[in-house]
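Please look over the structure shown below.

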Amino acid sequence: MPDNEKWDIELTHHSSLLDLKLNDVWHYRDLLMLLVRRDFVSFYKQTILGPLWFFIQPLFTTIIYTFIFGNLANISADNLDKPLFYMAGITAWNYFADCLTKTSTVFTANAGLFGKVYFPRLIVPLSIVVSNLIRFAVQMALFFITMGFYAIKGSNVHPNMYLLLFPFLLILMAMLGLGLGMIISAMTTKYRDLSFLITFGIQLMMYLTTVIYPLSTVKEKYPKYEWLVEYNPMTPIIEAFRYGFLGRGTFTMVSLGVTTVITILILLAGIIIFNRVERTFIDTV
């Protein structure tokens, strides 16, 4: 090759663990969009209701939570209408949980593809995060409809300037789900048992997050266990989400800052582990 010409992509055996190869990711951006389309089409192409499940799942979950936790257990909804309180938590939680669940099986689910052709492996978990945005957008539309309905009824709904934090909160949820998912995915290449614990672990984490109860209730009734909920990185995100859109929630910029630091550290750990396992995972899967 002449000296004045360069390869588009150069593969080397040794590279830094923190080298994301973002130039390669940008070069393969068309593949990213193809994977997003594949995830969307393959999941719903053999269903009767198709994308309507985007609406059905949060709607039925909200109804069940309202009946069980709101009415039977009589858990506080922070002076908000219970369906609106639960839908806000469910909408935010579902995006994070979907990113984490689907990213956690990246290596095992795509072993055949990874073993045949080179492309930046980071594109696959990134495509999951992007494709989940479609579902999240639909569920946010449902949340806005519900919010508008209760606002017309004169309910205690007071959006404020903190809703401007929404794009930042969305990025935090994506980064946290991506980071944790890559860590778990790397570990499942050697320890398949972890894949059976993912669903249980996410469910347990949800109960330690303010999805079905407000942080104010924990502070008031269970101060000894407050740290379990407050140090959960998803708690400030959901509380800030509720406060911005509904005007009710317990969060501070300090707690959101701590969550940001924790999220960045988890994402960096996920990148390091992902890059390390990427080199040899095909021998263990």
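**Overall fold**

Read along the sequence, the pattern of the chain is α-α-α-α-α-α-α-α-α-α-α-α-α. This is a predicted model, in which local features need pLDDT of at least 70 and side-chain atom pairs count only at pLDDT 80 or more, while totals for chains, interfaces and linings use all residues. Residues are numbered from 1 along each chain as its sequence is written, and side-chain values use heavy atoms, with hydrogens and water left out.

- The chain has 13 helices and zero strands; helices (H or I, at least four residues) and strands (E, at least two) are DSSP runs, numbered from the N terminus.
- Of the 285 residues, 45% count as buried, where buried means under 20% relative accessible area, exposed over 50%, and partly exposed in between (1.4 Å probe, protein chains only).
- Contact means heavy atoms within 4.5 Å. Among contacts between residues at least 6 apart in sequence, 80% join residues at least 24 apart.

**Surface**

- The chain exposes about 15500 Å², of which carbon and sulfur atoms supply 66%; areas come from the Shrake-Rupley method with a 1.4 Å probe, and for residues only the protein chains shown count as cover.
- A nonpolar patch on the surface is formed by Phe200, Leu204, Leu208, Tyr222, Tyr225, Trp227, Leu228 and Tyr231, with about 920 Å² of accessible area together.
- Helix 9 (194–207) and helix 11 (226–230) are the elements that give two or more residues to this nonpolar patch.
- Patches are made of residues with over 30% relative accessible area and no salt bridge, with like charges joined within 9 Å and nonpolar side chains (Val, Leu, Ile, Met, Phe, Trp, Tyr) within 5 Å. A salt bridge is a side-chain nitrogen of Lys or Arg within 4 Å of a carboxyl oxygen of Asp or Glu.
- Phe200 lies in helix 9 and counts as exposed because its relative accessibility is 56%.

- Beyond its neighbours within four places in sequence, Met234 is in contact with Ala92, Trp93, Phe96, Met173, Leu176, Met205 and Thr209.

**Ser104**

- Ser104 sits in the loop between helix 4 and helix 5 (106–109), and counts as buried because its relative accessibility is 1%.
- The side chain of Ser104 reaches the backbone oxygen of Thr101 at 2.6 Å.
- Leaving aside neighbours within four places in sequence, Ser104 is in contact with Gly181, Ile184, Ser185, Thr188 and Ile198.

Key:
A polar contact is a pair of N or O atoms within 3.5 Å; within protein, one must be able to donate a hydrogen and the other to accept it, and residues adjacent in sequence count only if both atoms are side-chain atoms.
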